[in-house]
Amino acid sequence: MSSDLHVLDDLEWRGLIAHSTDLDALRAEMDAGPVRFYVGFDPTAPSLHMGNLLQIVTARRLQDAGHIPFALVGGATGMIGDPKDSGERVLNSLDVVKSWVDRVRAQIEPFLSFEGANAATMVNNYDWTASLSTIDFLRDIGKHFPVNRMLARDTVRKRLEDGISYTEFSYVLLQSMDYLNLHRDYGISLQFGGSDQWGNITGGVELIRRATGDRVHALATPLITRADGTKYGKTEGGALWLDPEMLSPYGFFQFWLNVEDEKVGELLRAFTFLSRPEIEALEMQTAEKPFLRAGQKALAELMTTMVHGATETARIQAASAALFGGGTLHELDVATLAAALREAGSVQVKLADGMPSVVDLLVTSGLSKSKGEARRTIGEGGAYLNNERVTDPEMVPTEADLLGGSWLVLRRGKKNLAGVEVVR
């Protein structure tokens with residue numbers, strides 16, 4: 001986008017404003033000078049995920065436009081968790097939440113600048129919540145929340161039949177109190193978050209109006225969904241985590257590489273910092289030549305580099321090419337190779353039981369349905385071990401064939417791949 005385009009217009013073009021309070025009033029305040037804003041992250045897991053990443057990237061866009069970010073990690077709200085439609089959350093201990101606070105802070109910090117005139121600030125709502133007495137909380141915060149309006153919230157209404165604890169019912173008061181405290185202490189006048197947080201966010205706007213008479217602002221980004229309307233950010237192993245220990249960088253890369261053609265433009269606009277002409281060019285390439293997957297490749301490279309770094313992205317691209325014959329497997333980083341093979345599908349064999357033949361491995365890995373089919377594949381020249389064509393149906397791999405000391409790469413034809421992990 002051009003540098004003179006107003007940040008709100010940029011957010012609109014990128015499809016990042018699902019809800020708002022008064023955009024004209026917010027625009028006027030932004031035009032008058034830098035606006036202090038905040039976005040919150042509850043440490044209800046040891047890592048942030050795709051939905052959180054959208055908020056971090058949006059915060060960076062606002063900071064790049066000259067506004068002042070405050071990233072709140074909810075050491076207090078994380079001990080409760082926003083109510084879910086599916087039932088009560090498991091409450092984590094203070095020690096667990098504190099450790100997750102540190103991990104979440106470390107994931108946010110690389111995306112924001114903590115220097116300069118509009119330097120970012122990290123805050124933790126445990127700092128102003130832990131010492132608050134119950135009486136003060138009920139008198140100063142609770143009195144501003146009509147119960148009938150709290151009961152009308154979608155999640156609460158859905159949970160009433162099966163039951164919802166007072167703990168989760170009161171979550172909106174805690175998050176609203178965050179906005180009030182940040183407004184009083186730091187002059188923050190804008191909160192944004194995901195559209196599923198809109199009730200909590202507007203609760204804070206209303207609390208500030210009732211408690212101080214001030215008018216503040218709120219935005220919500222849309223829920224990112226697949227083309228069929230189901231939630232994005234889920235993989236076979238769970239959420240699209242940012243922590244490489246919870247989702248390998250290779251798995252992260254593959255997620256973006258495999259998004260639907262219909263969603264490429266939307267995701268490029270929402271998550272990347274590419275300009276409008278660059279995104280529109282990729283959208284055109286995807287529409288005209290979808291088989292080239294230009295949009296997906298750009299998305300996977302940009303997002304993996306953003307979260308895991310350029311070196312990791314280069315390793316993944318090298319592994320992806322080498323697995324299908326486009327490079328040497330022996331030079332690959334072992335951790336990346338292992339992640340790629342586990343993502344592609346792998347089996348384990350025990351060296352103590354004796355090294356199986358390639359025929360047996362083709363069957364064990366599922367690349368062939370039977371030994372007869374495996375032998376026919378070898379005879380037709382369609383079987384590969386570590387990218388080398390197998391010509392002898394009696395071939396038995398040796399320890400010298402093991403990549404990184406424990407892996408074999410099997411391939412049937414050009415596209416059917418499996419990994420074999422040899423364990424001692």
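**Close-up 1. Strand 6 has both of its faces covered.** On one side sit H217, L219 and T221, on the other A218 and A220, and all of these are buried (under 20% relative accessible area with a 1.4 Å probe, protein chains only; exposed is over 50% and partly exposed lies in between). With 5 of its 5 residues buried, strand 6 (residues 217-221) is largely enclosed by the rest of the structure. Strands here are DSSP runs of E with at least two residues, helices are runs of H or I with at least four, and both are numbered from the N terminus. As background, side chains in a regular strand alternate between the two faces of the sheet.

A note before moving on: this is a predicted model, where local features need pLDDT of at least 70 and side-chain atom pairs count only at pLDDT 80 or more, while totals for chains, interfaces and linings use all residues. Residues are numbered from 1 along each chain as its sequence is written, and side-chain values use heavy atoms, leaving out hydrogens and water.

**Close-up 2. Strand 6 pairs with strand 1 and with strand 5.** Two strands pair if DSSP finds at least two bridges between them. Strand 1 (residues 19-20) runs antiparallel to strand 6, over 2 bridges, and here H19 stands opposite A220. Strand 5 (residues 190-194) runs parallel to strand 6, joined by 5 bridges; look for F192, whose partner is L219. Right-handed is the call if, with the strands pointing away from the viewer, the path from the first strand over the helix to the second runs clockwise.

**Close-up 3. Strand 2 pairs with strand 3 and with strand 5.** Strand 2 (residues 36-41) lies parallel to strand 3 (residues 68-73), over 6 bridges, with G40 partnered by L72. Between these two, the chain passes through helix 3 in another β-α-β crossover, which is right-handed. Strand 2 is also parallel to strand 5, over 2 bridges, and there Y38 has Q191 as its partner.

**Close-up 4. I108 is one of the residues touching the most other members of the largest nonpolar core.** A nonpolar core is a set of buried Ala, Val, Leu, Ile, Met, Phe, Trp, Tyr and Cys residues joined through side-chain atoms within 4.5 Å. Helix 3 (residues 50-64) supplies the largest share, 7 residues. Leaving aside residues up to four places away in sequence, I108 touches F41, L48, I56, A71, V73 and M122. Another core of 30 residues lies apart from it, with M177, L182, I188 and I201 among them.

**Close-up 5. Helix 12 packs against helix 17.** Helix 12 (residues 249-257) and helix 17 (residues 334-344) meet at an angle of about 50 degrees, their axes 8 Å apart. That makes helix 12 oblique to helix 17. Y250, G251 and Q254 of helix 12 make the contact with A339, A340 and E343 of helix 17, where contact means heavy atoms within 4.5 Å.

Key: Axes are lines fitted to C-alpha atoms, for helices over the stretch in contact, and angles run from 0 to 180 degrees between N-to-C directions. Angles under 35 degrees count as roughly parallel, over 145 as roughly antiparallel, 65 to 115 as roughly perpendicular and the rest as oblique.
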